[in-house]
Amino acid sequence: MWLSAKSLQRAPLAMFLIDIVLITVAFHFAYDIRFDGQLLDGSASHRIAHFMILGTGIFAWPIALHLRGLYDVVALRSPGKQLARILQAATLVAIVTATFIFGLKAELASRLVFGLFILFSILLLWVSRAGISYAATRWSSDLRCAIVGTGELAKRFVEHKRRHPTDHSIVVGYFGEPDDDALVPQDEIRGTAIDLERMLVNDVIDRVIIALNASDLESLESLVLRCRELGIDVVVVPH
């Protein structure tokens, strides 16, 4: 089944619910390794101490993941970048959880359970996002295009594509020098060509469309080379 842009917009909620399940599973694994038993079998103080680890994790993980942009499906591209962001989120979660749990002097809370909980959470969340990233890029029916240019040529190209659609393409933004001469919506100008070059690594962009005068093309050599390295199509709009 093909994934449309509309269906991808609903993905963050599904990802959040999946995260809650995975975080709970990670805690179960950690607790079972340390105590080899059910959490409810312990004393009341023991249960409260470890439920505090789980509860704080369930609260802190989604916030940290959101802050690192890990609920933006289309921004998930490189597994290495995903892991780096998850590790950054894990650092925040570990600090918040440790401060809360051990700051309250919950001596019965196992530090091994805490450490394994963070470790298993990282692993499960990474695998989850790698799968979602693959599905979003492999089966999405929408071709995500970035347009370099904000003038008459870019405007005419987009109008032509709207009148004569040949594929399921969406414009993620325009890139050029934002000035008073721009003929495209100002709020859709996302930066310069240099900004686009930086974005190519983290954002899912399938095609870069260059809508500039011939005299301006030489300045885009670095961008074109970067697109070729990443396997991104480059189309130059004819005048």
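Of the 239 residues in this chain, 39% count as buried, where buried means under 20% relative accessible area with a 1.4 Å probe, protein chains only. The model is a predicted one, in which local features need pLDDT of at least 70 and side-chain atom pairs count only at pLDDT 80 or more, while totals for chains, interfaces and linings use all residues. Residues are numbered from 1 along each chain as its sequence is written, and side-chain values use heavy atoms, with hydrogens and water left out.

Let me turn to the secondary structure. The chain holds eight helices and five strands; these are DSSP runs, with helices being H or I of at least four residues and strands E of at least two, numbered from the N terminus. Read from that terminus, the order is α-α-α-α-α-β-α-β-β-α-β-α-β.

As to contacts, meaning heavy atoms within 4.5 Å, 77% of those in the chain with a separation of 6 or more are accounted for by residues 24 or more positions apart.

I now come to one residue, Leu22, which is found in helix H2. Is Leu22 buried or exposed? Leu22 counts as buried because its relative accessibility is 18%. Leaving aside residues up to four places away in sequence, Leu22 touches Leu124, Leu125 and Ser128. Leu22 and Leu124 are 102 residues apart along the chain, yet their C-alpha atoms are separated by 6.3 Å.

Finally, the surface. The chain exposes about 13,300 Å², of which carbon and sulfur atoms supply 61%; accessible areas come from the Shrake-Rupley method with a 1.4 Å probe.

Methods. Buried < 20%, exposed > 50% of the residue type's maximum accessible area, 1.4 Å probe, protein only.
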